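Please read the following briefing alongside the sequence and the model. It moves from the overall fold to the ion pairs and then to individual sites.

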Amino acid sequence: MAEHVDDDLWSAIGDPTRRRMLDLLLIEGDGTATTLAQRLPVTRQAVAKHLGVLEQVSLVRATTAGREKRYRVDDAQLARAVAQLSSVGSAWEARLQCIKRIAEAIQRTQQD
C-alpha cells in the first residue's frame, strides 16, 4: 500500500523556485536568504518567504549565526519526500500497466 502523500510537502516542492533553492542548499551545504537571492532571479524577500514555506514542511532547518539565519536541508524529511515520490510512481506504474492490458485485450477482441 502506498504511503500517505503529504500534500503540504508536495505543494512546497511543486514550486520551481523552491526546488532550485533546495538544489543550491544541497550543493552548498547551507545558505542564507541573502546568498540564495544572489543566485536566483528573485528578491531576498521572496527567498525569505520561500524558505519559510520549506521550513514549515521541515524540508529545511534554520540555525542562527549572528544576525543571519543559515538554512540547511533536512535529510530525513527529504528522504521522506523521495520515498513518497517513489511510492506514488510505483502506484501509477501499476495503474498504467493495468490500462495497457485492458487496451490490448480490447484491441485483440476488435481484431477477432
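In which sense do strand 1 and strand 2 pair, and over how many bridges? Strand 1 (residues 60-65) and strand 2 (residues 68-73) run antiparallel to one another and are joined over 6 bridges, where two strands count as paired if DSSP finds at least two bridges between them. The model is a predicted one, in which local features need pLDDT of at least 70 and side-chain atom pairs count only at pLDDT 80 or more, whereas totals for chains, interfaces and linings use all residues. Residues are numbered from 1 along each chain as its sequence is written, and side-chain values use heavy atoms, with hydrogens and water left out.

**Overall architecture**

- The protein contains 5 helices and 2 strands, these being DSSP runs numbered from the N terminus (helices are H or I with at least four residues, strands are E with at least two).
- Along the sequence, these elements follow the pattern α-α-α-α-β-β-α, and the protein is more spread out than a compact globule, because its radius of gyration of 20 Å is well over the 13 Å that the globule rule gives for 112 residues.
- That radius is taken over C-alpha atoms, and the globule rule is 2.2 Å times the number of residues to the power 0.38.
- The C-alpha trace spans about 75 × 30 × 20 Å along the principal axes of the protein.
- Of the contacts with a separation of 6 or more, 52% are accounted for by residues 24 or more positions apart, a contact being heavy atoms within 4.5 Å.

**Surface and burial**

- Buried residues make up 27% of the 112 residues, with buried meaning under 20% relative accessible area, exposed over 50%, and partly exposed in between (1.4 Å probe, protein chains only).
- The protein exposes about 7600 Å², of which carbon and sulfur atoms supply 54%; accessible areas come from the Shrake-Rupley method with a 1.4 Å probe, and for residues only the protein chains shown count as cover.
- Val88, Trp92, Leu96 and Ile99 make a nonpolar surface patch of about 390 Å².
- Patches are made of residues with over 30% relative accessible area and no salt bridge, with like charges joined within 9 Å and nonpolar side chains (Val, Leu, Ile, Met, Phe, Trp, Tyr) within 5 Å.
- Trp92, one of the patch residues, lies in helix 5 (residues 75-111) and counts as partly exposed at 48% relative accessibility.

**Salt bridges**

- Side chains of opposite charge can pair when their charged atoms come close.
- The structure holds 3 salt bridges, each defined by a side-chain nitrogen of Lys or Arg within 4 Å of a carboxyl oxygen of Asp or Glu.
- Glu28 pairs with Arg39, with the closest N and O atoms 3.0 Å apart; Glu28 lies in helix 2 and Arg39 in the loop between helix 3 and helix 4 (44-56), so the pair ties together parts that are 11 residues apart in sequence.
- Asp30 forms a salt bridge with Arg70, again with the closest N and O atoms 3.0 Å apart, and this pair links distant parts of the chain, since Asp30 is in the loop between helix 2 and helix 3 while Arg70 is in strand 2, 40 residues apart.
- Asp74 forms a salt bridge with Arg61, where the closest N and O atoms are 2.8 Å apart; Asp74 lies in the loop between strand 2 and helix 5 and Arg61 in strand 1, so parts 13 residues apart in sequence are tied together.
- Asp74 counts as buried at 13% relative accessibility, whereas Arg61 counts as partly exposed at 45%.

**Hairpin and loop sites**

- Within the strand pairing, Tyr71 in strand 2 is the bridge partner of Ala62.
- The hairpin of strand 1 and strand 2 has 2 residues between the strands, and Gly66 takes a positive phi near 70° there.
- Most residues other than glycine have a negative phi.
- Ser58 has a positive phi of about 65° although it is not a glycine; Ser58 lies in the loop between helix 4 and strand 1 and counts as partly exposed at 21% relative accessibility.
- Thr32 is placed in the loop between helix 2 (16-28) and helix 3 (33-37) and is buried, with a relative accessible area of 3%.
- Leaving aside residues up to four places away in sequence, Thr32 touches Glu68, Lys69 and Arg70.
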